[in-house]
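Okay everyone, thanks for coming. Let me put the structure up on the screen and walk you through a few parts of it.

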Amino acid sequence: MARNWWKVLSALLVLTTLVIGLKAPLAPGIAEVSPERLAYGVNSVTVTGYNTRFAEGEEDLQVWLSNGTQLICPYELSVVNDRELRATFSIPEKTEDAFFDLYVNNSKDGTVMLESAFMQKDLTVVASLPENERNPSCVRKPAVTEAAEFNFPNQSILNETIRNLFFHVPAWFTMMLLMGFSLAYSILYLRRSDMAYDAKASDAATVGLVFAAAGLATGSVWARFTWGAWWVSDPRLNGAALGVLVYLAYFVLKSSVNDSEKAAALGAVYNIFAFVMMMLFIMVLPRMTDSLHPGVGGNPAFSQYDLDDNMRMIFYPAVIGWMGIGVWIMQLMNRTSALKRAKILREYA
Amino acid sequence: MLKHLRQFFVLFIAYLMTVSSALGQDRGFEDVMMDSGKLNVVFAVVVMLIVVMIGFLVYLDRRVSRMERQEKIKK
């Protein structure tokens with residue numbers, strides 16, 4: 001038991017992060033607005049919230065539009081239910097920006113915002129409005145939420161799929177760790193010519209490929225939801241697929257040579273090449289070009305913009321947990337391979 | 001190896017079919033799943049799968065340990 005503490009810890013971390021990661025609610029947000037364009041004059045809009053409590057917080061509810069330095073408040077506001085409200089705005093002829101951001105505030109939800117919620121229609125967009133048309137005083141001091149509960153950020157494109165972060169990224173991190181083990185075992189084989197190291201390198205790469213498949217599958221589903229396609233021609237995505245193919249070639253190469261000593265030596269040399277190529281394809285090349293994927297091409301990844309403290313509390317333990325599970329599976333395969341080798345040796349002795 | 005590949009392929013196709021049918025729904029899909037409580041069933045199945053996976057790992061770990069002990073005795 002004392003030797004296996006890390007296995008127990010990994011299992012507990014994976015289960016805990018799975019339960020909290022899937023069950024914790026999303027923060028209140030604005031799901032959609034209708035219509036999506038605002039024209040000069042009177043405009044009635046319907047705002048649909050997500051996990052919101054518009055009716056409960058109706059007393060101090062306020063809604064406003066922000067356009068550049070200008071604020072626009074509705075002259076009529078009615079709450080349909082907790083998730084729907086209707087507001088009527090009088091839109092001026094001149095604006096500073098082509099898009100209007102929508103804000104809804106009450107004491108139950110705090111301030112929820114939808115960036116570029118509405119687009120202007122036939123309005124005159126000017127560089128700057130005079131002071132008296134900016135109307136900053138139409139918004140009262142925004143109410144603060146009564147009790148902040150544990151939730152995940154409600155981002156307009158990601159929505160509920162934001163939870164996939166706890167599975168998609170740890171799968172890739174675990175894959176990289178296991179491929180790192182595989183590389184280390186291959187180097188050890190080249191130094192000592194011990195077949196046990198070759199078997200360990202091969203086992204680590206096999207488990208790494210399983211996690212890579214999990215990373216590709218979870219990423220593909222995420223891409224379908226956020227970008228609208230199962231696969232887009234993006235340097236990060238293509239790089240990940242190439243990295244996996246490079247490692248598949250490692251197994252093809254090893255199985256194509258009949259002499260096990262030769263296969264092990266060839267495989268070990270190729271493994272070093274495969275690891276370097278995978279790192280180039282996944283970590284280096286995508287950072288040198290524009291990319292849709294977070295963390296490359298100037299997109300933020302683990303920054304304050306898209307990973308808040310609540311998410312970090314689940315994300316880092318999930319990474320440690322899945323890495324532990326990956327190493328556990330690899331260790332089991334290593335031990336099984338060692339037993340098989342011992343049995344073969346005994347039979348030949 | 002081929003047997004494992006076939007199993008993996010069948011599981012992968014089943015996974016793709018399930019996910020694509022879920023994503024083919026309109027925006028209210030998650031609301032329907034949440035409001036009717038069906039999401040809890042999905043959640044329970046996912047947790048159960050992970051629990052079974054960990055249970056299987058524990059079983060394998062114990063079995064391999066036992067075989068290692070037997071191997072030591074034989075030596």
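On the terms, a residue is buried with 20 or more other C-beta atoms within 10 Å of its own, exposed with 12 or fewer, and partly exposed in between, with C-beta atoms placed from the backbone.

Quick housekeeping. This is a predicted model, where local features need pLDDT of at least 70, side-chain atom pairs count only at pLDDT 80 or more, and totals for chains, interfaces and linings use all residues. Residues are numbered from 1 along each chain as its sequence is written, and chains are lettered from A and ligands numbered from 1 in the order in which they are written.

Back to A:N51: it sits in the loop between strand 3 (41–50) and strand 4 (62–67) of chain A, and its phi is near 60 degrees, a positive value in a residue other than glycine. Helices here are DSSP runs of H or I, at least four residues, and strands are runs of E, at least two, numbered from the N terminus.

Another loop, between strand 1 (29–34) and strand 2 (37–39) of chain A, holds A:P35. A cis peptide bond joins A:S34 to A:P35, with omega about -5 degrees.

Now the inside of chain A. The largest nonpolar core has 50 residues, and A:M175, A:A204 and A:W322 are among those touching the most other members. By nonpolar core I mean buried Ala, Val, Leu, Ile, Met, Phe, Trp, Tyr and Cys residues joined through C-beta atoms within 7 Å. Helix 2 of chain A gives the largest share, 14 residues. There's also a second, separate core of 21 residues, including A:I30 and A:F100.

What about chain B? It has 3 helices and 0 strands, and 0% of its 75 residues count as buried. Helix 3 (residues 38–74) of chain B has 0 of its 37 residues buried, so it lies largely in the open.

Finally, where do the chains meet? The axes of helix 6 of chain A and helix 3 of chain B come within 10 Å and cross at roughly 30 degrees. These two helices are therefore roughly parallel, a label for angles under 35 degrees. Axes are lines fitted to C-alpha atoms over the stretch in contact, with angles from 0 to 180 degrees between N-to-C directions. Among the residues making this contact are A:W328 and A:L332 from helix 6 of chain A, and B:L57 and B:V64 from helix 3 of chain B; contact means C-beta atoms, placed from the backbone, within 7 Å.

Key
Parallel < 35°, antiparallel > 145°, perpendicular 65-115°, else oblique. Contact = placed C-beta atoms within 7 Å.
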